[in-house]
Amino acid sequence: MTQGMPLMDPRPSGLTIGTYDTYREAQRAVDYLSDEKFPVEHTTIVGNNLRQVEKITGRLTWARALTTGLASGAWFGLFVGVLLGVVTNANWLASLLTGVVLGAFFGLVFGGLSYAQSAGRRDFTSRTAVVATTYDVLCDFKFAEEARNHLAKLALKGEVSPRLPDHSIPQQQPPVQPHPPQG
């Protein structure tokens, strides 16, 4: 445990005071509570129904793999070259150029080796994110009513409106009437 850091229970608790379609809306709701001087340390934002989304950004070819390796290696080499130039008494420009050239070379080599090892099993590039379908704002029980009142004012302003809870009542079949005995 880090000294001075309070333990955080990862399980959310409290009453749901609003459900929002986006994290931005849930964040705006808590920000509004803060603006209203509400003790926001009693609130929690919880993402529901998490899913991993992988957005395909393009094909991965030899040219792209080598170019990406070269560019990332050059950036790393630039970083190393700047550090060497700052910490040593050597020629600053020479350190910088050496770092960029060596970084680009090794990036090119490792980019090519990495692509060759994949053997065509993953010929695309992508970005991955974890997203939720809805976001609940929870509040400790003793502050929930006050928080709901504040959020109702925010909804009236039309800035952010929470989802309405689904209170649909299941359809029931009418009771079966017994038939009189046939005689």
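The largest nonpolar core of this predicted model has 18 residues, and those with the most contacts inside it are Ile17, Tyr20, Cys139 and Leu151. Such a core is a set of buried Ala, Val, Leu, Ile, Met, Phe, Trp, Tyr and Cys residues joined through side-chain atoms within 4.5 Å.

H1 provides the largest share, 5 residues. Helices (H or I, at least four residues) and strands (E, at least two) are DSSP runs, numbered from the N terminus.

Beyond its neighbours within four places in sequence, Leu151 is in contact (heavy atoms within 4.5 Å) with Ile17, Tyr20, Ala29 and Leu33. Thr134 lies in strand E5 and is buried, with a relative accessible area of 10%; buried means under 20% relative accessible area, exposed over 50%, partly exposed in between (1.4 Å probe, protein chains only). With neighbours within four places in sequence set aside, the contacts of Thr134 include Tyr20, Val46 and Arg163.

The protein chain comprises 4 helices and 5 strands, in the order β-α-β-β-α-α-β-β-α along the sequence. Of its 183 residues, 26% are buried. Among contacts with a separation of 6 or more, 81% join residues 24 or more positions apart.

Residues are numbered from 1 along each chain as its sequence is written, and side-chain values use heavy atoms, with hydrogens and water left out. Because the model is predicted, local features need pLDDT of at least 70 and side-chain atom pairs count only at pLDDT 80 or more, whereas totals for chains, interfaces and linings use all residues.
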